[in-house]
Amino acid sequence: QWYQRRVRGVMNKPISGDELLTFFKSLDEFTPSLPDSLTAHYLAQAGLHTSDPRIIRLVSLAAQKFVTELAADALVHSTMRGNPSTGGSKKTKDKRNCLTVEDLQPALADLGVEIKKPAYYM
């Protein structure tokens, strides 16, 4: 498959026309995590009005990839920071991580997005 070759790290080889056509045909069958109506709404707000569902799904796929990589990177930062598992006593075997702004800040900084946690006032 074309995407397996891309994932394996062969990124410098140009995509052929047949591979691109196969990719666009596969977008018809792909169901992204973000609904098409949500993506179409934000595309329209940004000034892109399209009736082609493949364009909408392509943007949804890119957004899904961005969020997935961001969450994975934040999880790595969380475990490197030694974030204790949350929720209950120490006897539980269920290890769950809670991602915080402190985990998201370095992950977003790696992507060129800078955020600041607002000051807390009592």
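What follows is a walk through the predicted model of this protein chain, from its overall make-up down to a few individual residues. Local features are drawn from residues with pLDDT of at least 70 and side-chain atom pairs from pLDDT 80 or more, while totals for chains, interfaces and linings use all residues. Numbering starts from 1 along each chain as its sequence is written, and side-chain values use heavy atoms, with hydrogens and water left out.

The protein chain holds five helices and zero strands, so read from the N terminus the elements simply go α-α-α-α-α, where helices (H or I, at least four residues) and strands (E, at least two) are DSSP runs numbered from the N terminus. Of its 122 residues, 16% count as buried; here buried means under 20% relative accessible area, exposed means over 50%, and partly exposed is in between (1.4 Å probe, protein chains only). The accessible surface comes to about 9700 Å², and carbon and sulfur atoms own 60% of that (Shrake-Rupley method with a 1.4 Å probe; for residues, only the protein chains shown count as cover). As for contacts, meaning heavy atoms within 4.5 Å, residues 24 or more positions apart supply 51% of those with a separation of 6 or more.

How far can the model be trusted along the chain? The chain averages 78, and 78% of the residues score at least 70.

Next comes the pairing of helix H2 (residues 17–29) with helix H4 (residues 53–81), whose axes come within 9 Å and cross at roughly 90°. Axes here are lines fitted to C-alpha atoms, for helices over the stretch in contact, with angles from 0 to 180 degrees between N-to-C directions. On the H2 side the contact is made by Phe23, Phe24, Leu27, Asp28 and Glu29, and on the H4 side by Arg54, Arg57, Leu58 and Leu61. These residues divide into five nonpolar, no polar and four charged (Ala, Val, Leu, Ile, Met, Phe, Trp, Tyr, Cys and Pro are nonpolar; Asp, Glu, Lys and Arg are charged; the others, Gly among them, are polar).

Several residues of H4 deserve a look of their own. Arg57 sits in helix H4 and is buried, with a relative accessible area of 18%. Neighbours within four places in sequence aside, Arg57 touches Leu27, Asp28, Glu29, Phe30, Pro32 and Asp36. Ser60, also placed in H4, counts as buried at 0% relative accessibility. With the neighbours within four places again set aside, Ser60 is in contact with Pro32, Leu34, Asp36 and Thr39. Pro53, found in H4, is partly exposed at 42%, and its C-alpha lies 8.9 Å from that of Ala40, 13 residues away along the chain.

Finally, Leu111 lies in the segment after helix H5 (101–110) and is partly exposed, with a relative accessible area of 42%. Beyond four places in sequence, Leu111 contacts Phe66 and Leu70. Leu111 and Glu69 are 42 residues apart in sequence and 9.9 Å apart in space, C-alpha to C-alpha.

Technical notes. pLDDT is the predictor's confidence in each residue, from 0 to 100.
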